[in-house]
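Keep the sequence and the model open beside you, and try each task before reading on.

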Amino acid sequence: YQRRVHGDCCQEMDAINKELDEVAKAAPSTLSLVGKIKAMLEDEIRKIAKVHKEESEKFTSKIENLEKECEKANYALMHVRKSFTVVEDAKDKKISELEKEVERNEYRIQHLIKSLDDSEAKLKKQSRILMTIQQKLYYHCLLYTSPSPRDATLSRMPSSA
């Protein structure tokens, strides 16, 4: 039994040794292939790192440009806000001035209306006086234009009157 177990073990050892010999023969080419793959991977990693660095630099540059543009826009916005405030202040001042002018003009108009009313009252009074004078003159004129008691057919008034 021992011989048989020993023989089986020896056979298995021989098979393992054969496989190890084959692996040992294949190992240098496998190691060489692994080395080549490793070199290719390292090369690809360097390329990717280089592209990543370039893209990162481009991205950083774009961010910096955008930040500068934002600063310019904020500066312009600040000036627009200041200008808007100046315009609003000027508008408010002009509105205030116009309101005061309207008040002055309203006062002038009221004063003119009062003056016109006074003038109208004076004119009516003078018109009544003139009417009275005219009536008196008309009455006197009738005395002078009536026919003479001496000549009942003649009149001093022209025939067209």
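**Exercise 1. Find which residues are linked in a network of salt bridges.**

Solution. Please keep in mind that this is a predicted model.
Step 1: Go to Asp-43, Glu-44, Arg-46 and Lys-47, which are joined to one another in a salt-bridge network.

**Exercise 2. Describe the secondary structure and the burial of the chain.**

Solution. 
Step 1: Count the elements: the chain has one helix and zero strands.
Step 2: Helix H1 covers residues 2-145.
Step 3: Turn to burial. A residue counts as buried when its relative accessible area is under 20%, and of the 161 residues of the chain, 0% are in that class.
Step 4: Finish with the surface. The chain has an accessible surface of about 15700 Å², and carbon and sulfur atoms hold 61% of that area.

**Exercise 3. Work out how Glu-69 and Lys-72 are placed along the helix and how their side chains meet.**

Solution. 
Step 1: Look at the spacing. Because Glu-69 and Lys-72 are three residues apart in helix H1, about one helical turn separates them.
Step 2: Check the contact. Their side chains form a salt bridge, with an N to O distance of 3.6 Å, and the cut-off for a salt bridge is within 4 Å.
Step 3: Classify both partners. Exposed means over 50% relative accessible area, so Lys-72, at 53%, is exposed. Glu-69 has 46% and is therefore partly exposed.

**Exercise 4. Now try Lys-124 and Glu-120: how many residues apart are they in helix H1?**

Solution. 
Step 1: Lys-124 and Glu-120 are four residues apart in helix H1, which is about one turn.
Step 2: A salt bridge joins Lys-124 to Glu-120, and their closest N and O atoms are 3.9 Å apart.
Step 3: Lys-124 is partly exposed at 47% relative accessibility, and Glu-120 is partly exposed at 42%.

**Exercise 5. Which residues make the nonpolar surface patch of about 390 Å²?**

Solution. 
Step 1: Pick out Leu-33, Ile-37, Leu-41 and Ile-45, which make up this patch.
Step 2: Take Ile-37 as an example, and find it in helix H1.
Step 3: Patch residues need over 30% relative accessible area. Ile-37 has a relative accessibility of 42%, so it counts as partly exposed.

Methods: Residues are numbered from 1 along each chain as its sequence is written. This is a predicted model: local features need pLDDT of at least 70, side-chain atom pairs count only at pLDDT 80 or more; totals for chains, interfaces and linings use all residues. Side-chain values use heavy atoms; hydrogens and water are left out. Patches are made of residues with over 30% relative accessible area and no salt bridge: like charges are joined within 9 Å, nonpolar side chains (Val, Leu, Ile, Met, Phe, Trp, Tyr) within 5 Å. Accessible areas come from the Shrake-Rupley method with a 1.4 Å probe; for residues, only the protein chains shown count as cover. Helices (H or I, at least four residues) and strands (E, at least two) are DSSP runs, numbered from the N terminus. Buried means under 20% relative accessible area, exposed over 50%, partly exposed in between (1.4 Å probe, protein chains only).
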